[in-house]
Amino acid sequence: MELIGSSYKGDTKNGRMEGKGEYTFPTETTYVGETKDGMFYGKGVLHFPNGSKYEAIWENGIAKQGSFVFADGLQYQEKDWDYCDGCDRCFYSELCNGLRPAGESHITDLHPPRVIPDGCYDCGDGFYDPSTRVVTAYTGSFLRNGRKLLLLSY
């Protein structure tokens, strides 16, 4: 685990994750829940650095049934999804709490928004620079090389 930058705290059996524990990926995404034979197994939650989470029932490391909740509390729905459609592009917090006063365009749900360098794109866990094709964390550290990214344009 140390070789790839991940870590585990919790129960083990024969040197493998077994029981309850917390597994942290190099991206700082954390799994908290049950494990079996070195894999996610049973109830567990993936906590993402941006505050969103994915709760699921896992079997042999694969999510069999789960639900995703965005950092702002919006729960994803596979059917009858009426958020952020072509007619309404409000942020979820604006739907819950009302719109902020008119003025500069709101390009993010954060107030104040993150500082993204000119010519770069916000990609949720950092910013993508198309000239270097690198995703950099908001703190300035390297996250990953970018090839083809789905970017949100504002």
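Colour the chain by secondary structure to begin: the protein has 1 helix and 10 strands, both being DSSP runs (H or I of at least four residues for helices, E of at least two for strands) numbered from the N terminus. This is a predicted model, in which local features need pLDDT of at least 70 and side-chain atom pairs count only at pLDDT 80 or more, whereas totals for chains, interfaces and linings use all residues. Residues are numbered from 1 along each chain as its sequence is written, and side-chain values use heavy atoms, with hydrogens and water left out.

**The whole chain**

Followed from the N terminus, the elements run β-β-β-β-β-β-α-β-β-β-β. Of the 154 residues, 23% count as buried, a term that stands for under 20% relative accessible area, with exposed over 50% and partly exposed in between (1.4 Å probe, protein chains only). Among contacts (heavy atoms within 4.5 Å) between residues at least 6 apart in sequence, 4% join residues at least 24 apart.

**The six-stranded sheet**

Select β1 to β6 next: these 6 strands form an open sheet in the order β1-β2-β3-β4-β5-β6, with antiparallel pairing, where two strands pair if DSSP finds at least two bridges between them. The edges are β1 (7-13) and β6 (62-69), each of which has a single partner strand, so one side of each is left without a neighbour in the sheet. From one strand to the next the twist averages 10°, the axes being lines fitted to C-alpha atoms and the angles running from 0 to 180 degrees between N-to-C directions.

Y54 has F68 of β6 as its bridge partner.

A56, in strand β5, counts as buried because its relative accessibility is 7%. Leaving out residues up to four places away in sequence, A56 touches G42, K43 and G44 as well as A63, Q65 and G66. A distance drawn from A56 to K43 reads 6.0 Å between C-alpha atoms, although the two are 13 residues apart in sequence.

**The largest nonpolar core**

Show the side chains of Y8, M17, Y23, Y31, F40, L46, A56 and W58, the 8 residues that make up the largest nonpolar core; such a core is a set of buried Ala, Val, Leu, Ile, Met, Phe, Trp, Tyr and Cys residues joined through side-chain atoms within 4.5 Å. Two or more of its residues come from each of β2 (16-24), β4 (39-47) and β5 (53-59).

Centre on Y31, whose contacts, apart from neighbours within four places in sequence, include the core residues Y23, F40, L46 and W58, and also G21, E22, Y41, K43, G44 and V45. Then move to T30 in strand β3 (residues 30-36), which is buried because its relative accessible area is 14%. With the same exclusion of residues up to four places away, T30 touches E22, Y23, T24, V45, L46 and H47.

**Turns and loops**

Which residue takes a positive phi in the hairpin of β4 and β5? Select G51, with phi near 100°, in a hairpin that has 5 residues between the strands. In the loop between β4 and β5 lies S52, buried at 4% relative accessibility. The side chains of S52 and N50 are joined by a polar contact of 2.7 Å, meaning a pair of N or O atoms within 3.5 Å, of which, within protein, one must be able to donate a hydrogen and the other to accept it, and residues adjacent in sequence count only if both atoms are side-chain atoms. Beyond four places in sequence, S52 touches L46, H47, F68, V69, F70 and A71.

The hairpin of β5 and β6 has 2 residues between the strands, and N60 takes a positive phi near 55° there. Most residues other than glycine have a negative phi, which makes two further stops worth a look. D37 lies in the loop between β3 and β4, with a positive phi near 55°, and is partly exposed at a relative accessible area of 42%. Finish at R133 in the loop between β8 (126-129) and β9 (134-137), where phi is positive and near 60° and the residue counts as partly exposed at 45% relative accessibility.
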